[in-house]
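Visitor: Could you walk me through this one? I'd like to jump around a bit and ask as I go.

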Amino acid sequence: MTERFDAIVVGAGQAGPSLAARLAGQGQKVALIERKLLGGTCVNTGCTPTKTMVASAYVAHMARRAADYGVTLSGPVSIDMAAVMGRKDGIVQASRSGLNDWLTGTENLTLIEGHARFIADHTIAVGERTLEAPRIFLNVGGRAVIPDYPGIDDIDILTNSSILALAEVPRHLVVVGGGYIGLEFAQMFARFGSKVTVVERGDRLLKREDEDASQTVAEILRAEGIDIRLNADCIAFSRSEDGPVVKVDCTAGAPEITGSHVLVAIGRQPNTDDLGLDKTGIATNDRGYIITNERLETSVEGIWAVGDCNGRGAFTHTAYNDYEIVADNLEGADRSVEMRTDAYALYTDPPLGRAGLTVAEAKKRDHRVLVGQRPMTRVARAKEKGESVGYMKVVVDADSNRIIGGAIFGVGGDEAIHVLLDAIQCGMAYADLKNTMHIHPTVSELIPTILGELKEA
Ligand SMILES: Cc1cc2nc3c(=O)[nH]c(=O)nc-3n(C[C@H](O)[C@H](O)[C@H](O)COP(=O)(O)OP(=O)(O)OC[C@H]3O[C@@H](n4cnc5c(N)ncnc54)[C@H](O)[C@@H]3O)c2cc1C
Ligand SMILES: NC(=O)c1ccc[n+]([C@@H]2O[C@H](COP(=O)([O-])OP(=O)(O)OC[C@H]3O[C@@H](n4cnc5c(N)ncnc54)[C@H](O)[C@@H]3O)[C@@H](O)[C@H]2O)c1
């Protein structure tokens with residue numbers, strides 16, 4: 001027998017639960033289907049566990065620097081990995097059980113455990129059950145790409161999920177992929193005591209950023225003893241008595257790195273291959289992302305795609321913003337995903353906060369660019385905290401005088417970047433921000449100063 005709902009939400013990641021609860025709150029009969037863990041990637045194998053462990057790694061790092069601050073420790077700093085993981089598991093579980101209490105306590109909402117698969121445009125099977133609804137919202141997220149490198153089946157590789165279950169500190173962690181995931185884990189495990197090597201195919205880390213970000217992150221990581229191998233265009237794996245071997249270069253005498261563990265972090269792919277999309281008219285692109293218009297509607301009327309699976313963002317805040325856009329539009333608003341400003345942070349220490357366009361992107365789009373920049377060594381708060389690595393940068397369009405981008409790679413950068421994000425989103429002229437009084441001593445107080453020092457780039 002087919003069960004009929006007003007709305008079906010597939011995936012309880014970062015958009016699905018809020019969307020399901022909001023529709024249920026309006027009196028609609030809603031099914032929320034989740035095949036694994038409530039909270040999806042962010043809560044279980046992404047933001048929450050990693051940022052919790054980044055916090056432990058930061059404490060270890062600062063404890064090692066205690067003498068710089070006139071603080072004496074009575075013994076060497078050591079890592080209790082079970083306690084690190086226990087703290088992480090506690091925070092993850094609390095978040096998941098909070099979600100469970102909320103969703104199971106929401107009237108009109110039926111939480112269904114299982115894998116959802118389309119059998120027709122508006123019909124979904126979950127195990128033996130068949131569900132139907134005029135409105136379906138896909139929030140199926142993504143997972144780590146596992147490359148088909150030679151020898152990959154001969155070694156045990158780690159992904160962002162399995163690395164979170166390690167009981168021990170790896171002796172030598174080889175991280176394949178110099179992007180967000182790879183770099184956050186690389187620094188974290190170096191601080192826990194692992195020897196770490198980052199292997200990146202490109203000629204620099206963080207290649208979507210301006211070159212100064214790539215240089216800064218490489219300096220930060222090298223200063224902590226991390227080896228970085230760039231231009232690794234010939235990766236292959238094999239097993240030796242000493243552990244997994246990663247071959248990185250075919251031209252220069254085939255150098256190899258023998259580690260104890262290998263993390264693969266070369267990107268993500270959407271969970272759309274096992275969704276039965278072939279039984280529907282829902283179009284995907286060549287990488288499997290669901291194609292949507294700017295209102296996040298798919299090619300089938302009454303079906304939306306939100307979060308990572310639509311390829312329009314790869315962050316928790318973009319997934320949540322997708323939910324808000326779709327839910328508001330269903331209530332009569334006219335919101336578009338094209339209206340939001342790109343923003344994110346890389347949670348190395350110090351973090352890189354980013355908003356809007358890089359200088360390279362701005363030039364590519366034919367903006368005449370003005371840039372204001374300052375090293376963190378000239379930011380009072382950073383000096384006082386003894387954390388003065390990095391820089392702040394603001395990008396301005398010289399014709400409109402509007403702020404169009406920025407990067408704060410330094411202590412507090414993940415927070416201070418919101419000054420620029422809000423200014424970009426509101427189309428603020430730079431002179432208005434330049435004349436705003438900011439609080440001393442903060443990282444943000446330097447933003448008005450930098451805006452007084454703009455130069456053509
Ligand atoms: C290591 C790591 C660190 C990260 N750190 C950050 C960070 O600091 N900040 C940030 O903004 N972003 C971060 N991200 C990215 C962030 O986790 C994702 O962008 C976010 O979780 C996307 O949310 P989503 O709802 O689209 O998908 P997901 O959170 O992946 O949720 C999708 C859900 O759908 C379920 N599902 C899939 N297919 C089906 C099916 N057929 N039937 C039923 N259920 C299904 C899955 O089990 C999953 O629970 C990180 C990611 C990783 C991997
Ligand atoms: N702080 C955050 O918000 C945060 C943290 C982690 C992840 N995330 C999200 O997860 C997404 C995926 O992260 P990611 O680090 O897996 O991907 P990524 O795309 O950020 O980085 C992957 C890196 O691997 C390299 N690479 C690609 N193919 C390779 C190959 N065959 N061999 C060697 N190197 C190769 C790429 O050049 C790139 O530098 C991010 O784009 C981000 O949206 C966000």
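Visitor: Where is T292 found?
Guide: Bear in mind that this is a predicted model. In it, T292 sits in the loop that runs between β18 (268–270) and β19 (303–305).

Visitor: Is T292 buried or exposed, and why?
Guide: T292 counts as buried, because its relative accessibility is 10% and buried means under 20%.

Visitor: Which residues is T292 in contact with, leaving aside its neighbours within four places in sequence?
Guide: With those neighbours set aside, T292 is in contact with E297, T298, A305, N310 and R312.

Visitor: Switching to the ligands, how many residues surround ligand 1, and which are closest?
Guide: Ligand 1 is surrounded by 38 residues, of which Q14, E34, T41, N139 and D308 are the closest.

Visitor: What lies 2.8 Å from an oxygen atom of ligand 1?
Guide: That is a polar side-chain atom of K51.

Visitor: What about ligand 2, which residues come nearest?
Guide: Of the 22 residues around ligand 2, the nearest are Y149, E200, K207, A314 and A345. The side chain of Y149 has an N or O atom 2.3 Å from a nitrogen atom of ligand 2, and for E184 a side-chain N or O atom is 2.9 Å from a nitrogen atom of the ligand. Taken alone, ligand 2 exposes 830 Å², 86% of which the protein buries.

Visitor: By class, how do the residues of the shell around ligand 2 divide?
Guide: That shell divides into eleven nonpolar, seven charged and four polar residues, and α5 gives the largest share of it, three residues.

Visitor: Last topic, helix α4: which of its residues are buried, and what do they pack against?
Guide: The buried residues of α4 are M81, V84, M85, K88, V92, L99 and L103. Among the elements they pack against are α1 (16–25), β4 (109–113) and α5 (180–192).

Note on methods. Residues are numbered from 1 along each chain as its sequence is written. Chains are lettered from A and ligands numbered from 1 in the order in which they are written. This is a predicted model: local features need pLDDT of at least 70, side-chain atom pairs count only at pLDDT 80 or more; totals for chains, interfaces and linings use all residues. Side-chain values use heavy atoms; hydrogens and water are left out. A residue is near a molecule or strand if one of its heavy atoms lies within 4 Å of it. A polar contact is a pair of N or O atoms within 3.5 Å; within protein, one must be able to donate a hydrogen and the other to accept it, and residues adjacent in sequence count only if both atoms are side-chain atoms. Buried means under 20% relative accessible area, exposed over 50%, partly exposed in between (1.4 Å probe, protein chains only). Helices (H or I, at least four residues) and strands (E, at least two) are DSSP runs, numbered from the N terminus. Contact means heavy atoms within 4.5 Å. Accessible areas come from the Shrake-Rupley method with a 1.4 Å probe; for residues, only the protein chains shown count as cover. Ala, Val, Leu, Ile, Met, Phe, Trp, Tyr, Cys and Pro count as nonpolar, Asp, Glu, Lys and Arg as charged, and the others, Gly among them, as polar.
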